[in-house]
Amino acid sequence: MEKNKKVSQKIWTGVSFTCLFILFIWSLLWSSWLFFAILSNDPNIANNIGYQIHSWNDAREWPSALKKGANWWKLDLHFPFDNSQMHNLSICSVQQNIPISHRNDSRGCLLFSHDIPVVTSDWYNTTFDLLNFLSDSRYRHYFTSKDGFYIALCAKMHVGDICEDTLAAKNWMSLVDEFFVSANETISKYGLNVTFILDGSATSGGKRDCLQNRWANHPSMYIIYLDDPIAISSYWGDGKRLIISNQPVINRFPTLIIDVLAFLYYGKFRESNWPMINWEPDKQSVIISSAKAYVNKGISVKGGFRYAINLDPIHFQVSIGSITRSAWNERLSFSKSSQRPLVVATQDAREETIWIWIIRSDSSDVVYLEGLESYSLYNNLKSIVTIPLGSMRNVTALDISENEKDKFIWICDSISQFQLYKLNPTPDHPIEKMKEGSLKAIEQNRLSFSSRLIYYNESLLAFNLEPGDGKCSLQIKIWNISSASPTSLGTSLCISSLKGINKATFDVELSEITPEFCNSNTSFPWISIVSYSTKANQVYHASVCFNELTGRVSNNRNPTDVGESSAVTMLKEGSRVFVLSIQGEGFAYNDEQKNKDFSLAICDQIPSSQPKTLIYSYSSFEDFSKHLNSNNSWITSCHTSIMHGSFDLGTNPSAFLFPIRNKNQKIALVEIHEGVDPNDEIYTNRTFKDRGLPIPHGGLVMDSWDLFN
C-alpha cells in the first residue's frame with residue numbers, strides 16, 4: 001500500500017513537473033511573441049491593405065477594372081468536364097471566343113468560369129482573350145507599370161487525380177503548358193511587367209507532387225487547411241513553391257485565421273515580398289473586423305495585406321475607409337428626415353483643410369446648413385457651425401462658386417426661394433449671409449428641381465432646372481442674382497419632352513472648348529449634364545451646351561440606367577471637365593453570386609432596380625457626351641470609358657466634386673446619403689447577403705474615395 005502511494009506521488013510529481021514545464025515553455029513563447037510584436041509594431045500598417053478583384057471572368061469588364069486601379073486579379077481557369085468526369089469537348093466546340101482553328105482541339109480548352117461551364121453557354125472567355133488583352137496597345141501602360149501587374153489563375157481541374165497518368169490530366173497539363181509558353185512570349189515581346197500566379201489545381205499543394213517542378217517560375221498560393229501546415233514557415237518540399245498566403249475570412253469568425261497566423265508571426269509570409277490574400281468577405285462588418293485584427297496586432301506583412309473581393313473596387317475602398325484612411329465612410333450623428341441631404345466641399349487655398357457643408361433637417365422638418373472641417377482629405381471631421389435656414393423647407397440645391405477673392409454658397413428650395421452666403425474660412429467667422437430672395441419674383445409658381453451657381457463676367461448667375469412649359473417637360477432657365485432683384489436672362493432651354501419626369505438634377509461648368517456634339521460655330525460658354533428619372537425607376541441623361549440665348553441638347557432617348565434620386569456634379573480641371581453621376585436603387589453588376597454564376601455573362605445583364613443600391617458613373621464630359629450621342633443605352637460596369645459600379649448601400653445620395661491640391665490628386669469628391677436602418681430587410685433577406693452590406697446606421701453617412709483622372 002505504501003509502495004503504491006509512493007508510485008502515485010512520483011507519477012503526480014512527474015505530471016505536475018511536465019505541466020509546469022509546458023506552462024513555462026508556453027509563457028516563454030508568449031513573452032517572446034509579445035516582445036517581437038512590440039519591436040515590430042508598424043504605425044503605418046493600415047497603409048498596406050489592398051484588394052484583388054475576384055472572378056472577374058468577363059473580358060469585356062477588364063478595361064473598366066484597369067481604369068478603377070485594379071492591378072491584382074484572380075481569374076478562374078476551368079477545364080470543362082461532363083457528368084462522367086471526362087473532359088467535355090462539346091463545350092469547347094461551341095465557344096465563340098475560341099478561334100475556329102482551336103474549337104475542335106482534341107485536348108479540350110480552358111475557359112474562364114468560376115463554376116462548371118455548360119454547353120448551353122457559348123460566350124465564355126478563354127486564354128486566347130487574355131493573351132489578346134495583354135497584347136492590346138491601348139492598355140500597354142497598365143501592364144508596363146513599375147508597380148507590376150499580377151494575375152492569379154485559379155485552375156479548376158476536376159477530372160480525376162491530376163497526378164495519375166490519365167488522358168484528361170495529360171491534356172490539361174498540355175493546355176496549361178501551351179498557355180504559359182504563349183504568355184511568356186507575349187510578356188517578353190512587349191516588355192510587360194506581368195506576373196502569373198498559380199492557384200487552385202495548378203499548385204503543388206494538396207498532394208499534387210507531380211506539379212512540384214512544373215511551371216516553376218510562377219509563385220503559388222498556400223491555403224492553410226488544404227496544404228502542408230509546415231509550409232507556413234518552411235521552404236522545404238511544397239513550401240518552396242507555396243509562397244503566397246491565401247486564406248478565407250470566415251463570416252462567423254472573421255479574425256480566426258488571422259489570429260492563428262499572427263501568433264506564428266505570419267511565418268515565412270511576414271518578410272515575403274508577396275501579399276497575404278484574404279478571401280472573400282463582402283459584409284462591411286466582417287471586412288472591418290478582420291482588418292482591425294491585422295492592424296491592431298501591429299505586425300506588418302512586407303508584401304501587403306489584400307482582400308479578394310467580388311464587389312466593385314470602389315465599394316470595397318469605401319467599406320474599409322475607416323481603417324485605411326484612404327477613403328471616407330463616416331457615420332454622422334445627424335438623423336434622417338424628410339429633407340434629402342445635400343453636400344458641397346472646398347479646400348482652404350492656404351492649407352490642406354477641407355470645409356464640408358451639408359443640408360439636413362431635423363424631426364420637425366427645420367432645415368439646417370451644417371459646417372464641418374477636416375485638416376486633410378480622409379481625416380477626422382469636426383463640426384464648426386450650424387445655421388437654421390428659416391422658412392426654407394424642401395431644399396433642392398446646394399452649390400459653391402468662387403471668383404478671385406471669394407467663395408459663395410448657394411441654397412435654393414423647391415419653390416425657388418434662395419439664400420446666398422460668403423465663406424470666410426476662419427474659426428470665428430466661417431460664413432456670413434449676403435442676401436436672400438426668390439427666383440419667382442417675376443414668374444409666379446416657378447418650381448425648381450435643382451439649381452447651380454456660377455460666377456461669370458463679374459456676375460453671379462443661377463441656373464435653374466425646372467418643369468417645362470407646354471410640350472417641354474424639363475428646362476433650364478438662367479437668372480442674374482447680382483443685382484438687388486433677380487433678373488432672368490434670355491429664354492429657357494428645353495431639355496426633354498419625356499412625360500412622367502418626377503426627379504431631375506444637373507450641374508453646369510464653364511467650357512473653354514466647344515464640345516464635338518454641339519456642331520456649331522456659335523459660342524457656348526456653358527456645358528451641362530442633366531439626369532432625370534421617372535416613377536418606373538428609369539434614369540435618363542442629356543448633355544447640353546448653351547448660352548443665354550440658345551443651346552444644343554444631346555438627348556439619348558433611351559434610359560441610361562435604373563434607379564432614382566440621381567445627382568450630378570461636374571468639375572473643370574485644366575481644359576477638361578469631369579462628370580460624376582450617382583443614384584440610389586441602382587443595379588450592381590458585381591457581387592459574389594453574379595461573378596460565379598456559370599450561366600451569367602456579367603456584361604450581358606439587363607439592369608433592374610435593386611433596393612438601397614448606390615451607383616456611380618464617372619468620366620470626362622467628352623466621354624459622357626459621346627455615349628449619349630451613340631446608339632448605346634445602358635451605362636454599365638463594362639463601359640470602356642465611363643467608370644460605373646456600386647459604392648455603398650443607402651438612399652437619397654448627393655455628391656460634389658471639388659479641386660484639391662495634395663499628394664498627386666487634383667480632383668476630390670464628397671458624397672452623402674441616408675444610411676440603412678438596423679431593422680431593414682436587407683439584413684434578413686438572403687437575397688442581399690453578397691452585396692456589400694454596410695454597418696447599419698439610422699442617420700446620415702458621408703463617403704469619399706479616390707478618383708482617377
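Mentor: Happy to! Let us start with Cys92 and Cys109, which are joined by a disulfide with an S to S distance of 2.1 Å. Cys92 sits in helix H3 (residues 89-93) and Cys109 in the loop between H3 and strand E3 (111-112), so this bond ties together parts that are 17 residues apart in sequence. The angle about the S-S bond is -80°, which makes the link of Cys92 and Cys109 left-handed. Both Cys92 and Cys109 are buried. Please keep in mind that this is a predicted model.

This bond belongs to a set, as the structure holds four disulfides. Another one is formed by Cys163 and Cys210, with their sulfur atoms 2.1 Å apart. Here too the bond is left-handed, with -80° about the S-S bond of Cys163 and Cys210. This pair links distant parts of the chain, 47 residues apart: Cys163 is in the loop between strand E4 (149-156) and helix H6 (167-190), and Cys210 is in the loop between strand E5 (194-200) and strand E6 (220-222). Cys163 has 31% relative accessibility, so it counts as partly exposed. Cys210 is partly exposed as well, because its relative accessibility is 34%.

Next come Cys472 and Cys494, joined by a disulfide with S to S 2.2 Å. With 105° about the S-S bond, the link of Cys472 and Cys494 is right-handed. Cys472 lies in the loop between strand E20 (459-467) and strand E21 (474-480), while Cys494 lies in strand E22 (residues 487-496), 22 residues apart. For Cys472 the relative accessibility is 11%, so Cys472 counts as buried. Cys494 has a relative accessible area of 36% and is therefore partly exposed.

Some cysteines are left without a partner. For Cys154, the closest cysteine sulfur is in Cys163, 17 Å away, so it is too far for a bond. Cys154 is buried, with a relative accessible area of 10%. Cys412 is in no disulfide either, and the nearest cysteine sulfur, that of Cys472, is 18 Å away. With 0% relative accessibility, Cys412 counts as buried.

Note on methods. Residues are numbered from 1 along each chain as its sequence is written. This is a predicted model: local features need pLDDT of at least 70, side-chain atom pairs count only at pLDDT 80 or more; totals for chains, interfaces and linings use all residues. Side-chain values use heavy atoms; hydrogens and water are left out. A disulfide is a pair of cysteine sulfur atoms within 2.5 Å. Helices (H or I, at least four residues) and strands (E, at least two) are DSSP runs, numbered from the N terminus. Buried means under 20% relative accessible area, exposed over 50%, partly exposed in between (1.4 Å probe, protein chains only).
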